[in-house]
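Let's read a structure together, one feature at a time. Questions are welcome as we go.

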4 protein chains.
Amino acid sequence: MCGVFGIVGHPEAANITYLGLHALQHRGQEASGIVSSDGDKLYAHRAMGLVQACFSPKDLSTLPGDQAIGHVRYSTAGGSHIKNAQPFAVDYSHGSVALAHNGNLTNYENVRERLEARGSIFQSSSDTEVIVHLIAMSTQDAVEDRVIDALSQLEGAFSVLFLTPTGFIAARDPHGFRPLCLGKLVHKDGNAIVVASEPTAFELIGAEYTRDLAPGELLIVGGGEMRSIFPFEKKPAKACIFEYVYFARPDSQLGGASVYEVRKALGRRLAEEQPVPSGSGETIVIPVPDSGVPAAVGFASAAGLPFEMGLIRSHYVGRTFIEPQQTIRHFGVRLKLNPNRAVIEGKRVIVIDDSIVRGTTSRKIVKMIRDAGAKEVHVRISSPPTRWPCYYGIDTPTRAELIAANNSVDQIRDYLAADSLGYLSLPGLAQSVSASRTLANLPVLKDPVASHCHACFSGDYPVALSRQKSPSRPPRHVSS
Amino acid sequence: MCGVFGIVGHPEAANITYLGLHALQHRGQEASGIVSSDGDKLYAHRAMGLVQACFSPKDLSTLPGDQAIGHVRYSTAGGSHIKNAQPFAVDYSHGSVALAHNGNLTNYENVRERLEARGSIFQSSSDTEVIVHLIAMSTQDAVEDRVIDALSQLEGAFSVLFLTPTGFIAARDPHGFRPLCLGKLVHKDGNAIVVASEPTAFELIGAEYTRDLAPGELLIVGGGEMRSIFPFEKKPAKACIFEYVYFARPDSQLGGASVYEVRKALGRRLAEEQPVPSGSGETIVIPVPDSGVPAAVGFASAAGLPFEMGLIRSHYVGRTFIEPQQTIRHFGVRLKLNPNRAVIEGKRVIVIDDSIVRGTTSRKIVKMIRDAGAKEVHVRISSPPTRWPCYYGIDTPTRAELIAANNSVDQIRDYLAADSLGYLSLPGLAQSVSASRTLANLPVLKDPVASHCHACFSGDYPVALSRQKSPSRPPRHVSS
Amino acid sequence: MCGVFGIVGHPEAANITYLGLHALQHRGQEASGIVSSDGDKLYAHRAMGLVQACFSPKDLSTLPGDQAIGHVRYSTAGGSHIKNAQPFAVDYSHGSVALAHNGNLTNYENVRERLEARGSIFQSSSDTEVIVHLIAMSTQDAVEDRVIDALSQLEGAFSVLFLTPTGFIAARDPHGFRPLCLGKLVHKDGNAIVVASEPTAFELIGAEYTRDLAPGELLIVGGGEMRSIFPFEKKPAKACIFEYVYFARPDSQLGGASVYEVRKALGRRLAEEQPVPSGSGETIVIPVPDSGVPAAVGFASAAGLPFEMGLIRSHYVGRTFIEPQQTIRHFGVRLKLNPNRAVIEGKRVIVIDDSIVRGTTSRKIVKMIRDAGAKEVHVRISSPPTRWPCYYGIDTPTRAELIAANNSVDQIRDYLAADSLGYLSLPGLAQSVSASRTLANLPVLKDPVASHCHACFSGDYPVALSRQKSPSRPPRHVSS
Amino acid sequence: MCGVFGIVGHPEAANITYLGLHALQHRGQEASGIVSSDGDKLYAHRAMGLVQACFSPKDLSTLPGDQAIGHVRYSTAGGSHIKNAQPFAVDYSHGSVALAHNGNLTNYENVRERLEARGSIFQSSSDTEVIVHLIAMSTQDAVEDRVIDALSQLEGAFSVLFLTPTGFIAARDPHGFRPLCLGKLVHKDGNAIVVASEPTAFELIGAEYTRDLAPGELLIVGGGEMRSIFPFEKKPAKACIFEYVYFARPDSQLGGASVYEVRKALGRRLAEEQPVPSGSGETIVIPVPDSGVPAAVGFASAAGLPFEMGLIRSHYVGRTFIEPQQTIRHFGVRLKLNPNRAVIEGKRVIVIDDSIVRGTTSRKIVKMIRDAGAKEVHVRISSPPTRWPCYYGIDTPTRAELIAANNSVDQIRDYLAADSLGYLSLPGLAQSVSASRTLANLPVLKDPVASHCHACFSGDYPVALSRQKSPSRPPRHVSS
């Protein structure tokens, strides 16, 4: 997963982008970058780490101009390297172009093989690099047409921002897998246009949210005007439903609906679908903080049970925490979460989490709660079992590693050593999203399930993956 | 404020101390250090920054032995320098000694002046340095007696750990201002004794909490045995009540009482003492996260109002965040907290915080909530007005900067631009602590107010400050 | 200027390359990199700074395999960026290829424009990037043929090493501007082939110098054998004569001739061509250390005058030395060189340097010597006046900045405030090189002047520069 | 070994000190520090590493005032730690005092034991710390008298600078073991007094050398005047003769004599005392650069043999160079020195070095020269065999490690595998120093041998070492 931010028409474009990226930090902590334009040239700075570590005041001062785009990149297993940091910025026949991409291209391997056959060279292992090649090779003349030409050849998920010395383009793929929204920032010298993965980036900088970009929309800004076109073949909208469950910030809106309200609704629905078995003794509802908090608030209120902070999260565990070796091992989640014995001891505990991936963390949490004196531990998950990998931009493990891909709910419950385990149903999830839209006076979704991509739960992939390399290809990929 | 941790009798003493300090990280983020002993020599490592940044695996490997003490230091205004990092470790006539100190000595200046007159030199600006001088100058023979001799000359707050190549001593001042507790860690080669500022450090390492050290207690560990003595003149117990309100971790116990339960009780009592004025429209209770969460849970349940996460805290704001200059300024709390418009908009909002110091942050929070669409903003504080500086180890601003020292509650409310403002009373605070002790089957406090130090609220200082330098002294203090 | 090193057939290929690059450090201090191959994939590491700072043991351990190439890059004015660090490594249709280049392509702009018109994108501002594009676009099948195809389209200077997962190619341009030599390293598991910019890299690793690659030669190593071909149109040999004067290490051989012996011969010839005017008083010969030492030794012996170290060089001035501002300014050369008053005072001083570029440093040196009490200061330069910029890989200033391009020798002498100034003649320089070849039993050069590139002295460029951009091209170049 | 620098009366005192320390960098590369005074307080900055790495412009800006002292510290085996970095700066009863010390106190252990018995604590393992304790404990009133009181209790070598907020004192021990000299820096606002270990520090900053401080002299600067007193019992002058041989910079003067001229004289005398055995074939004289160069120049001229640079020194080997492990090992001196085959091959080589310590480096150099084709290798050393450790401030290995302490010259020659080995005699060394003084019009030394400390050659220690700890003392020394 990644986050993108762009701005046109602000004298401090790079500074604003820096703040916008900070507000999108939850979408990627591995690397971050900004490319700005002063109308004549592009200026780039990229580095590994959190936004605040990537940019010193001096770095920001090397990024002049009144338009900029930025990117935060998620930490993935193997490809953690500055070469893969975005925005990408290259020179080609028509000048310079930079781009920042959130998503994943399902026909990347095919396109890359085709490009290489034409003589293209590749310097990164990121699928984003094919986009600039396609732009460079386009026979169209205008940048806008070259971008359309390039994106038309791509399949999968892309919410992408382009910057040239004189213009800015934002595009969202025809299914609208990943979010992208538009806003306006009024400043003393005029109005700036801002685009971001989530509207929470607008709040920080004092901008107003206007609307989400529609699936398939291309927004062209330049020469003082903004145009919107729909150059791609229309496809059914398939916004990622997992953004609501976990990925987006709770204070964001997706498609206009409050993520926090959706999560509370998931908790309420979960309380209905998966009530806690009756039993004697005091029963409390606790979240796995911070992501499980809204669903736990919803669950507790629907179930008429007290909400308590039964697990305390440490704010001081960074990526650099190194566990000492030898006898004291495998602290893992304990360094981050500590049971609050005073509220847990002697209680029946309902613990609310958003999802279970491999199950190892959940198992440790159950043990931790039980060791702190809980009489019973009931696990409730505010989404369906995660059974399939995502092809559209979320970094999930393989099927072999997904516990729900290979085990029944009962088997998972036994692995977790929980007294009971309950998942939310897919209709329950989709209807909760739909209901929260109503709350925001948004149009009713006729078929809430079909309106979203839920492949990670259902295996129902809107776009097939065609990443297989042709068998005759020579070994390649520089490792660095 | 600072945190201390010590362990005797574990083959990985330094590693365990590292983890213990991590669990005490909330008590000090400026610097951290460990001194270990292998029975023959002391080994020290100190550095600036978070525990995880201060110790590499290689650093830990330079700290052998089965006993160790550690320290985390709070970031203070001026004296941020490696020279002031603890544990202090020095050589003197009887060998080497290291110490880690949480607290503040009220007669530091007098003692220092006396020591300097005798010919002592000072290399730091930390009050802790006088302790080692007094030990070195003692005419007693045994280390234990020298420590008693030294501590007997000191006034104020000290929870302090001493380590020599062959022994370990923990001491708490006669008033017991700062917490210090004892635990046991069973490991495959035997039992280790552990001492820490808060029992939460025990949870992480799998140790059991035994009891708090009593005010005035000196615990001597060495030669395979542990003894407890009370060598100081007995004084009334005066545990810091602000530890319950803000400083300690919610999953800790202080004096045996759960900090989380105390904070919930504060919220409930606050709801009684300072109910929200009646008015029309939906009313919600929101915490200033994370410290305000337990009190908000208690307030909401007592008031029968919904608890909501109306402010979302970013986990990515570190100490290095640098705001870009010029037009976009003064982000401050906005980088850390974002209003959750979906739950706030159109509501009467009761926002719960633990205390108000200067008022500037609270003012920004009120504005942020109102800008997000709240109809009314009612501020409720789960402690009395903070009117006096702390002389016993908490880094508070001067009276001139404390808004409550110079303004009435009405004036503060006006400054915050809140619709109403209510503080908890001191009796309400003390009785809530007392009630939570009952919950944990602890002895009843006859006079809860008198049993604690509440000088920051009342100005009633158990020990007077005698820090004034004599006017005839030459200018000094090396700045570095 | 840059340095390259390659090795095939050694189990510690990357480690050896690291040492080889260290020995070539004088050819480039800005950045350094190594790409290794284990027969299956390429592995790359590049960083800014000296070789020893670029590679930790851990970095080296990420570079497996028995073949490797490496590069040290010279600090140039503007383009100091990790993106320009070499070896370049990319993926293309036939797999992966890496290359390390010393030299400069005179038709770079033309080729780049042609490539961009075909749709190529450029990620660096280095001329080396066009080489990989040409390889990728070649219609040839074998890597060897693609490399020949690519290099055939290029003009200017290239001593270049290529590495693929299964093979290694070294090539020197038809004029042989920049040096490149071949050696053999016998180790316990067999013989390795080594290639380096200078044979001094062989000495350190215990390899034997075999011969220089001939101008236009392509050396192909793979499958256990080595072949040499000459695929380019034959051109007159034009080895850079300035390598003898300044650039190469004195303990190197170029074209088989000892650089140290050449420099001594330059000094002897200079003593004949530019003797010191007679005068009264003791006369001494001093070098500008370290590069002027051999010529000064030669001059002193030919002139029958004492050689003295009249200037002492500090070994502690790195690139990071920051001069404090205000009154004490412009230390420049003084931080690096200090006059040795005891030997200078009261003497007639002949100071020997290899060249004068802008004249500012020489002027300071003359002043420094005079201030130390010299009666007279006579400057002797062991090469002709530097009047023209180099197009073949040496980073020289523009003509406007070259003092000899715009001033007569008398004018320069006046600027330096020297008592006399004498340069070596071009025939004198070339004949000295030639004479030193005889010393090494190398074939006699029929026309020593014509056998070398001496464009920086004569303006006689063997290959014209065609770097001009077409005026219709859009602005480009990402700055980062 | 260390270097000290001080200045009084310059508006940029810290900046000038920074430059002065840079010029003294050869005396210590481990750590460096500056303490300045603005008349009211002391300001300190110390760090590990070279001067240029220790001080950023920002660091220098934190050091205000018109007087300052600085220190460079030599890298010693074990005690490399910031705690030992100087200047030391402490507070005591009469204010603040800082000091920078070059030398070694022979009665350190005794004094420390006495101080500890009085109750002093020690925070470093540096002998310098006792000086500040003695100042603090003095019963005298004026700082000057306290310093005299303190220094009078010390034995051994000290060239030491003291700084208080209002005054500056420089002192040299009664034997004058280590150098210390005085100069004057004229600047636009007046004249500043400068003091430094070597006058070479004056050259860089444009100051004039006035004279050496006499043994036993105390220079007191303050209130606009400078006084010189001789408060200690008079002792025979014993300047370290090894400073001439190796330690001082060649462009320095010691006791008024040029170090470079002394070294040339050593080479000439060596040629007389230890001529090269006759033999057939060309014979050349080469130095081990850089320290052996002047002696080689002298030897070559006296012997009528050509001087050549037969070994080339790399300027890029820093302290951080890490050798890759496994087959390629033990590069050691090869990374720093490379044989210049062209001048060595087939010759009889006389290699001149200043001293032999352990013999391992010399052995490698001999092998390197022989491997480069030398017919014979004759080693000549411009000082007597180094047989005894230094107690006065030079970091030498123990006797067990000194090859000349345990082997005859013949045995050493065999170990080096040299064809012959010759050392200069002690009278030869001392008379050469004496002769060079004549050159500078300095008073004749009646007994040149007796006028110097030559304990490292003769074992004739002017001051006995009394460092033995009393056996009853407890174990101590904190390791950090």
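**Reading the folds, contacts and backbone**

A: Let's start with a strand: all seven of the seven residues of strand 4 (residues 67-73) of chain C are buried, so the strand is largely enclosed by the rest of the structure. Buried means that 20 or more other C-beta atoms lie within 10 Å of a residue's own, exposed means 12 or fewer, and partly exposed is in between, with C-beta atoms placed from the backbone. Strands (E, at least two residues) and helices (H or I, at least four) are DSSP runs, numbered from the N terminus.

Q: What should I know about the model and its numbering?

A: This is a predicted model, where local features need pLDDT of at least 70 and side-chain atom pairs count only at pLDDT 80 or more, while totals for chains, interfaces and linings use all residues. Residues are numbered from 1 along each chain as its sequence is written, and chains are lettered from A and ligands numbered from 1 in the order in which they are written.

Q: Which residues lie on each side of strand 4 of chain C?

A: One side carries C:Q67, C:I69, C:H71 and C:R73, the other C:A68, C:G70 and C:V72, and all are buried.

Q: Which strands pair with strand 4 of chain C?

A: Pairing needs at least two DSSP bridges between two strands. Strand 1 (residues 2-8) of chain C runs antiparallel to strand 4 of chain C, joined by seven bridges. Strand 2 (residues 31-37) of chain C also pairs with strand 4 of chain C in the antiparallel sense, over seven bridges. C:G70 is a handy landmark: C:F5 stands opposite C:G70, and C:I34 stands opposite C:G70 as well.

Q: What is the strand order of the open sheet in chain A?

A: The order of its seven strands is 3-2-4-1-10-9-11, with antiparallel pairing. Strand 3 (42-48) and strand 11 (208-212) of chain A are the edge strands, each pairing on one side only. From one strand to the next, the twist averages 15 degrees. Helix 1 (residues 13-23) of chain A packs on this sheet, touching strand 1 (2-8), strand 2, strand 4 and strand 10 (190-196) of chain A. Contact here means C-beta atoms, placed from the backbone, within 7 Å.

Q: How do I describe two packed helices?

A: Two packed helices are described by the angle between their axes and the distance between the axes. Axes are lines fitted to C-alpha atoms, for helices over the stretch in contact, and angles run from 0 to 180 degrees between N-to-C directions. In chain B, the axes of helix 9 (residues 259-273) and helix 10 (residues 293-303) come within 7 Å and cross at roughly 45 degrees. That makes helix 9 of chain B oblique to helix 10 of chain B; under 35 degrees would count as roughly parallel, over 145 as roughly antiparallel, 65 to 115 as roughly perpendicular, and the rest is oblique.

Q: Which residues cover helix 10 in chain C, and which of its own are buried?

A: Nine of the 11 residues of helix 10 (residues 293-303) of chain C are buried, among them C:V293, C:F299 and C:A303. Their cover includes helix 9 (259-273), strand 17 (283-287), strand 20 (348-353) and strand 21 (376-381) of chain C. After this helix comes C:G304, with a positive phi near 65 degrees.

Q: What backbone details deserve a look?

A: Most residues other than glycine have a negative phi, and most peptide bonds are trans. The bond from A:Q86 to A:P87 is cis, with omega near -5 degrees, and A:P87 is in the loop between strand 4 and strand 5 (88-92) of chain A. The bond from C:Q86 to C:P87 is cis too, with omega near -5 degrees.

Q: Where is D:N441, and is it buried or exposed?

A: D:N441 is in the loop between helix 15 (426-439) and strand 23 (452-453) of chain D. D:N441 has a positive phi of about 60 degrees although it is not a glycine, and with 7 other C-beta atoms within 10 Å it is exposed.

Notes:
Two residues are in contact if their C-beta atoms, placed from the backbone, lie within 7 Å.
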